[in-house]
Amino acid sequence: MELAGAEGDAAPLTPEEMIVSAAILATVLTYTWLLAPVTPRWMAVVAGALVIALGLARAWRAHEWGLAWPPFLPSLSWNAAFTAAAAGTLAIAGWQRHTWHARSLTTADIGVLLLWALGQQFALQITLLREAQATTSRSAGVPVAALLFAALHLPNPFLTVVTFVAALTWCRIYDRYPNLVPVTLSHALLTIVVLTALDDTITGRLRVGIAFLR
């Protein structure tokens with residue numbers, strides 16, 4: 001099965017539109033490196049809300065919401081294949097390292113995880129990917145967006161590597177089949193597998209920024 005889709009470079013962005021990706025990166029990095037250690041935990045909600053607002057503004061201007069129905073089934077198929085392969089790799093690693101452990105999740109936990117995954121995919125696909133493609137090319141924009149997404153997870157070596165690899169695949173699939181639901185489900189499911197298969201010594205407790213160094 002081959003990924004299908006129209007070829008061609010993305011249309012150039014105006015300077016105002018190019019600022020959105022920079023603003024999202026600045027917001028996340030400022031919070032994770034500077035504000036997190038010295039502000040109340042509710043500031044994370046403020047930072048997250050600002051990122052979502054920036055993404056919504058970009059989506060409104062670009063008229064792209066990632067909810068088109070025709071791409072849903074092919075996207076689901078490709079994401080299911082990727083998720084199965086990645087989950088299998090993580091499970092094998094967990095069994096070999098004897099870190100696989102039972103993990104109970106409540107309905108509220110799953111709901112929060114899905115919303116968190118949706119927010120990250122919305123920012124990644126609607127803003128970082130599309131603006132990276134517009135400033136480079138359609139093909140080059142995929143690794144650029146993946147690198148930017150991975151950079152947000154520094155200095156955690158595990159998260160930086162796995163988010164780069166995952167974002168490469170998610171962006172490639174979304175570029176061909178632009179529907180956010182399958183990539184969100186893939187993101188959420190793989191997060192659960194990571195938390196179940198591996199321990200904190202590998203994942204760094206999924207912390208990023210200055211929190212990882214503490």
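Author: A residue is called buried under 20% relative accessible area, exposed over 50%, and partly exposed in between. The model discussed here is predicted.

Reader: Is Trp100 buried, exposed or partly exposed?
Author: The relative accessible area of Trp100 is 38%. Buried requires a value under 20% and exposed a value over 50%. Because 38% lies in between, Trp100 counts as partly exposed.

Reader: Which class does Trp95 belong to, buried or exposed?
Author: For Trp95 the relative accessible area is 53%. The cut-off for the exposed class is over 50%, therefore Trp95 is exposed.

Reader: How many aromatic pairs does a search of the whole structure find?
Author: The search covers the whole structure. The number of aromatic pairs found is four.

Reader: What kind of aromatic pair do Trp65 and Phe122 form?
Author: A pair of aromatic rings is described by the distance of the centres and the angle of the planes. For Trp65 and Phe122 these values are 6.5 Å and 40°. Planes under 30 degrees apart count as stacked and over 60 as edge-to-face, so with 40° this pair is tilted.

Reader: How many residues apart are Trp65 and Phe122?
Author: Trp65 lies in the loop between α2 (42–62) and α3 (72–97), whereas Phe122 belongs to helix α4 (residues 107–135). The pair thus links distant parts of the chain, and its two members are 57 residues apart.

Reader: Which element gives the largest share of the largest nonpolar core?
Author: This core has 32 residues, and those with the most contacts inside it are Leu124, Ala145, Trp170 and Leu190. The elements giving two or more residues to it are α3, α4, α5 (141–151), α6 (157–176) and α7 (180–197). The largest share, seven residues, comes from α6.

Reader: What span does α3 reach from its first C-alpha to its last?
Author: Helix α3 has 26 residues. At 1.5 Å a residue, 38 Å would be expected. The span in the model is close to that value, at 36 Å.

Reader: What covers the buried residues of α3?
Author: The buried residues of α3 include Phe72, Phe82 and Leu90. Among the elements that cover the buried residues of this helix are α6 and α7.

Notes
Residues numbered from 1 in each chain as written. Predicted model: local features only at pLDDT ≥ 70, side-chain atom pairs only at ≥ 80, totals over all residues. Heavy atoms only, no water. Phe/Tyr/Trp six-rings, centres within 6.5 Å; stacked < 30°, edge-to-face > 60°. Helix = DSSP H or I, 4+ residues; strand = E, 2+ residues; numbered from the N terminus. Buried < 20%, exposed > 50% of the residue type's maximum accessible area, 1.4 Å probe, protein only. Core = buried A, V, L, I, M, F, W, Y, C linked by side-chain atoms within 4.5 Å. Expected span 1.5 Å × (residues − 1). Contact = heavy atoms within 4.5 Å.
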